[in-house]
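Biologist: Hi, could you walk me through this structure? I'd like to go through it in plain words.

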Amino acid sequence: MNSKLPSALKEYRDTIIIALICIPLGAVIGAIDAVFGRVLLAITAFRGEHIYLLIPFLALAGALIVFCYSRYGKGSDKGMGLIF
């Protein structure tokens, strides 16, 4: 029984190392995801509370997005056709 344990450890050594690396990495990614979700909820709440204050800026935001696409997104005007 004891002789099988070292051979099993040698056989699964890479898997164990990857698992030990992935567990903290998954925790960090989960924390980042949780923070992103909280920020998104806060922005949505702010938008809902200040809707009439933000409406006049919709045209400006749209113009800024069009400018960024035309200046930095060459070829992105094809849209989904690029993916297919």
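**A chat about the model**

Modeller: Happy to! Let me start with one side chain: Asp14 is partly exposed because its relative accessibility is 48%, where buried means under 20% relative accessible area, exposed over 50% and partly exposed in between (1.4 Å probe, protein chains only). This is a predicted model, where local features need pLDDT of at least 70, side-chain atom pairs count only at pLDDT 80 or more, and totals for chains, interfaces and linings use all residues. Residues are numbered from 1 along each chain as its sequence is written, and side-chain values use heavy atoms, with hydrogens and water left out.

Biologist: Which side chain does Asp14 meet in a salt bridge?

Modeller: Arg13, at 3.5 Å from N to O. A salt bridge here is a side-chain nitrogen of Lys or Arg within 4 Å of a carboxyl oxygen of Asp or Glu. The count comes to 1 salt bridge.

Biologist: New topic. How many helices and strands does the protein chain have?

Modeller: The protein chain has 4 helices and 0 strands, taken as DSSP runs numbered from the N terminus (helices are H or I, at least four residues; strands are E, at least two).

Biologist: And how far does α4 reach?

Modeller: Helix α4 covers residues 58-72, and its 15 residues reach 21 Å from first C-alpha to last, close to the 21 Å expected. That expected span is 1.5 Å times one less than the number of residues. The number of buried residues in α4 is 0, so this helix lies largely in the open.

Biologist: What share of the protein chain is buried?

Modeller: Of its 84 residues, 1% count as buried.

Biologist: Which residues form the nonpolar patch on the surface?

Modeller: Leu9, Tyr12, Ile16 and Leu20, with about 410 Å² of accessible area together. Patch residues have over 30% relative accessible area and no salt bridge; like charges are joined within 9 Å, nonpolar side chains (Val, Leu, Ile, Met, Phe, Trp, Tyr) within 5 Å. Areas come from the Shrake-Rupley method with a 1.4 Å probe, and for residues only the protein chains shown count as cover. Ile16 sits in helix α2 (residues 13-49) and is partly exposed, at 38%.

Biologist: How many disulfides turn up?

Modeller: The search finds 0 disulfides, meaning pairs of cysteine sulfur atoms within 2.5 Å. Cys22 is partly exposed at 40% relative accessibility, and Cys68 is partly exposed at 33%.

Biologist: Last one: which element has the lowest mean pLDDT?

Modeller: Helix α1 (residues 4-11), at 74, while α2 has the highest, 95. pLDDT is the predictor's confidence in each residue, from 0 to 100. Where pLDDT is low, the predicted coordinates should not be read in detail.
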